[in-house]
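Please consider the structure shown below. The paragraphs that follow lead through its strand pairing, one of its helices and its nonpolar cores.

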Amino acid sequence: MARALRAGEITSVALTQAHLDRIASVDADVHAFLFVDIQGALAQAAATDAKRAAGERLSPLAGVPLALKDVMTQKGVPTTAGSKILEGWRPPYDSTVVANLRANDIVIMGKTNMDEFAMGSSTENSAFGPTHNPWDLSRIPGGSGGGSSAALAAFEAPLAIGTDTGGSIRQPAAVTGTVGVKPTYGAVSRFGLIAFSSSLDQAGPCARNVLDAALLHEAIAGYDARDSTSINAPVPQVVTAAKSGDVKGLKIGVVKELNGDGYQSGVRTRFEESLELLAKAGAEIIEVSAPNFEYALAAYYLIAPSECSSNLARFDAMRYGLRVGDSEGASAESVMKLTREAGFGREVKRRIILGTYALSSGYYDAYYGSAQKVRTLITQDFDKAFQKCDVMVSPTCPTTAFTIGEKSDDPIAMYLNDIATIPVNMAGIGGMSLPAGLAPEDGLPVGFQIMAPAMADERMYLVGAALEAALLTKWGAPLLSKIPELSGR
Amino acid sequence: MSSLSRDDVANLARLARIEMSEEELVSLSHEFTVILDAVARVQEVAGQDVEPTSHPLPLRNVFRPDVVLPSLLTEEALSGAPAQEESRFRVPQILGEE
Amino acid sequence: MALTFDEVVTKYEPVLGLEVHVELNTESKMFCPCSTTFGAEPNTQTCPICLALPGALPTVNEKAIESTIKIGLALNCSIAAFSRFARKNYFYPDMPKNFQISQYDEPICTNGYIDVEIESDQGPKVFRIEIERVHMEEDTGKSLHVGGATGRIHGAQYSLLDYNRAGIPLVEIVTKIVPGTGKYAPQVAKAYVSELRDILRSLDVSDVRMEQGSLRCDANVSLRPIGSQILGTRSETKNVNSLRSVERAIRGEMIRHAELLNKGERIVQETRHFQEESGLTRSGRSKEQAEDYRYFPEPDLVPVAPDAQWIQTLRDGLPERPSIHRKRLQEAWAVPDKEMAAMINADVLNLVEASVALGADPTKARGWWLGEISRIANDKDVAISDLSITPGDVAEIVAFVNSGELTDKLARQVIEGVIAGEGTPAAVIAGRGIKVVNDEGALISAIEKVCAEQPETAQKIRNGHLPAAGALIGAVMKETKGQADAARVRSLLLAHLGQAE
Ligand SMILES: [Mg+2]
Ligand SMILES: [Zn+2]
């Protein structure tokens with residue numbers, strides 16, 4: 001697409017319009033979008049076409065349309081984070097990611113659906129209804145960024161932005177047969193990303209192939225003085241790596257603890273097959289152990305709720321967003337309570353209460369404090385393993401997409417979905433998921449996860465590109481060519 | 001085994017400023033028995049000798065120079081306000097300390 | 001039966017604890033680049049960060065860190081090699097994030113002290129006040145309560161919030177408990193806040209204006225029977241916004257506590273509010289349940305680990321301690337204790353010093369600042385530093401008087417003009433046409449005229465009754481519109497009437 005734009009074979013306006021048409025045709029079924037900014041997108045596309053016509057030097061993705069997870073502020077465009085409490089709010093400022101997208105002339109088509117405040121693994125927790133997996137509309141598209149991944153799989157958008165706190169980019173990518181990358185913590189600015197868990201949140205690129213993801217990664221990453229946790233160093237050479245795909249001599253560590261019991265057989269089959277392909281491409285496959293990963297889930301479900309209980313305190317009906325119960329004589333305190341009762345969904349409340357508990361006096365050391373120690377142990381596991389290998393790999397998720405409603409009453413079962421993705425967030429390192437094929441038993445996509453040390457994001461692209469090339473040769477066509485046609489209307 | 005009573009949940013809901021129905025208080029206290037059991041596992045390995053990690057990257061001393069940049073326009077600042085008056089956010093009566 | 005203060009201190013020993021919040025005088029806020037200018041239109045100095053809009057992140061003001069370290073060094077504290085910000089979680093509408101970014105168990109400065117001197121029955125007495133910690137945090141917004149009879153919170157129908165002040169850097173200075181002050185407790189507390197204010201001013205880190213709220217003191221007081229080692233229950237008095245109030249609040253609380261204890265009643269641990277009019281404190285609404293602030297390390301900000309060299313540079317740049325500085329000035333200027341105290345009380349010491357630095361004679365500079373200028377500030381009911389007259393102006397006026405271009409009386413007119421905004425002394429002199437009449441002919445003709453008008457008085461003087469000269473001198477001064485030098489008029493007048501001094 002980008003090449004066609006550069007060659008002048010198609011304009012950005014035409015390309016954007018085609019995607020807007022596709023959204024109009026299929027999104028009633030998929031429900032990937034919460035808001036489609038038709039006018040804004042076409043205006044931005046036209047402006048890009050004009051720049052190109054004027055002979056300006058443009059970025060590689062200039063003119064390509066993109067779907068933005070509704071957790072990023074975009075000035076004047078409704079931003080809800082999937083919550084009723086923010087319904088109708090139009091931010092007066094742009095997030096840094098949006099500013100970077102604009103600087104690269106990437107056309108922002110609209111805001112995608114998500115689990116409320118990014119809390120979930122299925123997008124069923126959106127206050128605005130679930131998103132459906134384009135592979136099978138009765139199934140979940142993953143979460144929290146199910147909207148972004150579904151938009152890619154449904155050909156509604158060629159690029160998307162996600163955010164990943166415990167797997168919210170990688171797990172949706174896995175179950176929709178797309179590519180999703182969580183860069184090293186601090187690689188992409190969090191300014192304007194509506195915080196769920198500040199020490200874990202990280203935005204990243206979603207695309208249909210590794211090279212597109214790399215190009216988008218390069219466009220949105222970089223130092224930002226407005227985010228104190230931003231990395232002040234050059235962006236790794238991810239595009240070069242994605243173009244190379246040379247893994248000869250590279251050591252790939254298979255995480256012993258993230259494979260085996262609890263992993264669906266088709267997931268394991270595709271994972272093993274991918275390892276063989278990588279070995280054939282010249283990589284050395286070894287086994288590494290990370291004994292403390294088994295505590296990652298428990299630590300995550302203390303750290304993330306604790307931070308979110310504080311981050312979400314600002315939604316109090318005073319300055320913006322929903323206000324409930326403001327009747328004659330009501331107090332600010334009662335309005336806060338009633339608004340938060342009405343504005344937050346059940347999962348959000350559950351996590352706020354859990355986090356409030358984990359931080360409360362007398363329990364801090366046992367819960368939040370212990371979870372932070374586990375975080376140290378997980379980071380040490382990674383450090384040790386990376387002394388033996390260049391990247392680590394595992395299946396992205398234990399299973400393929402489950403059906404909508406299947407796990408919504410069982411938080412623990414839902415949380416188990418993130419068992420393989422969470423360690424990456426705990427250590428602040430990079431993780432990528434790319435399609436490894438379809439599980440034989442259900443014909444649904446399986447994700448292959450690559451983990452790289454902090455600030456070595458290019459290694460994920462190197463391995464991802466190698467595996468993608470090998471699989472393409474094997475399949476003869478991209479995985480998404482096998483997706484059932486959506487009826488449209 | 002860790003657990004939370006209905007009153008514990010009510011106290012947490014008060015701290016978190018969330019109104020909760022009786023039914024919700026009870027059902028959450030049941031859920032928490034399961035969830036706390038699961039998360040309490042962190043205590044198994046969190047020994048005295050392990051340093052806690054609060055930030056994933058070892059950054060230090062990230063400062064901004066003391067320079068004023070333009071603020072939002074007052075209209076922008078107030079654009080999301082549920083109620084406003086005289087360029088201020090209007091909020092229900094505040095009970096509590098002066 | 002009301003107790004007297006003397007009765008209280010014969011039976012009980014007070015234990016003090018003082019918490020002072022200081023607004024730093026940085027250009028921009030603690031965690032965002034909004035301006036900190038005082039008195040701006042509501043919500044004109046706000047941004048996504050200080051309004052806590054979704055997605056906004058804080059960044060740390062380097063100058064605020066530097067100022068805090070300077071304060072710590074000036075208070076003899078250790079500067080932590082590693083410290084972190086923490087979130088203090090509680091809901092309040094004037095605090096946009098519903099948490100305050102503060103510091104908890106890892107403050108940047110710890111374990112300091114300052115010595116303060118008070119006037120005891122046996123002469124000057126020094127008390128050492130130990131400092132527990134100095135930490136950084138941020139201020140809240142301001143609420144305006146509408147519908148209540150007094151603009152107070154109780155009975156208000158609703159409130160209006162202005163977040164201009166939200167996020168202004170605050171430094172909190174907390175003392176350890178201060179035992180052993182006995183009957184001097186109120187004076188010691190006042191002297192401590194006063195000394196602290198002088199130190200902060202000398203560091204130029206804050207405006208330290210108690211009346212504007214840039215320095216706020218909370219006073220903790222408890223009593224225990226003399227000889228007891230067990231701490232009594234304390235009360236915390238907030239809103240103490242002048243030095244005099246610090247003294248009054250502590251005295252008042254000591255008496256209140258003692259009366260309760262004498263009656264066998266329990267002291268309630270609570271916050272109380274000082275009321276300027278009565279000098280008494282009023283109970284704050286006690287919270288039904290204790291707050292649990294759920295402190296945890298602020299994940300959006302990285303730790304502060306100042307390197308030794310930075311600290312050394314700041315240490316090297318510290319100004320002389322105000323108390324030492326004062327002693328040095330007093331010696332250099334040869335000022336009596338009483339006059340020195342007068343300058344300190346009137347808040348003009350630094351102004352006099354600045355005038356002297358610009359060439360003014362210390363005695364004369366002191367005379368103007370303490371006299372005419374203080375009087376005008378009093379009349380206008382403003383702080384002397386708020387008047388638009390500068391040390392430079394005063395130095396200029398002193399120079400004009402020394403050179404004979406102004407008389408003292410004319411100088412007063414010039415001061416009034418400068419304060420009225422008519423410009424520099426030279427501009428006021430030019431603008432008002434002020435000049436000393438030195439022309440002998442003009443003076444003699446004025447003297448002749450006056451003597452002709454008041455022949456009896458002139459005759460008295462001729463007869464040697466010199467005290468009568470005053471009336472005629474006054475008349476001559478009036479005749480010359482005050483622009484003559486009175487001493488010169490006197491000598492000319494006496495000569496004219498055949499008398500010598
Ligand atoms: Mg404080
Ligand atoms: Zn601001």
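In chain C of this predicted model, strand E3 (residues 78-79) runs antiparallel to strand E6 (residues 109-120), and two bridges join them; Ile79(C) has Cys109(C) as its bridge partner in E6(C). E6(C) also pairs in the antiparallel sense with strand E7 (residues 123-138) of chain C, over eleven bridges. Here Thr110(C) stands opposite Arg133(C), and a hairpin with two residues between its strands is formed by E6(C) and E7(C). Strands (E, at least two residues) and helices (H or I, at least four) are DSSP runs numbered from the N terminus, and two strands pair if DSSP finds at least two bridges between them.

In chain A, eight of the eleven residues of helix H7 (residues 210-220) are buried, that is, under 20% relative accessible area with a 1.4 Å probe, protein chains only. Among them are Leu216(A) and Ile220(A). At the N-terminal end, Asn209(A) caps H7(A), with a side-chain oxygen 3.2 Å from the backbone nitrogen of Leu211(A). Just after the helix, Gly222(A) takes a positive phi of about 130°.

Leaving aside neighbours within four places in sequence, Leu101(A) contacts residues including Leu216(A) and Ile220(A), contact meaning heavy atoms within 4.5 Å. Leu101(A) is also among the residues that touch the most other members of the largest nonpolar core, which has 171 residues. Such a core is a set of buried Ala, Val, Leu, Ile, Met, Phe, Trp, Tyr and Cys residues joined through side-chain atoms within 4.5 Å.

Residues are numbered from 1 along each chain as its sequence is written, and chains are lettered from A and ligands numbered from 1 in the order in which they are written. Local features need pLDDT of at least 70, side-chain atom pairs count only at pLDDT 80 or more, and totals for chains, interfaces and linings use all residues, while side-chain values use heavy atoms, without hydrogens and water.

Definitions and conventions
Buried < 20%, exposed > 50% of the residue type's maximum accessible area, 1.4 Å probe, protein only. Polar contact = N/O pair within 3.5 Å; in protein donor to acceptor, adjacent residues only side chain to side chain.
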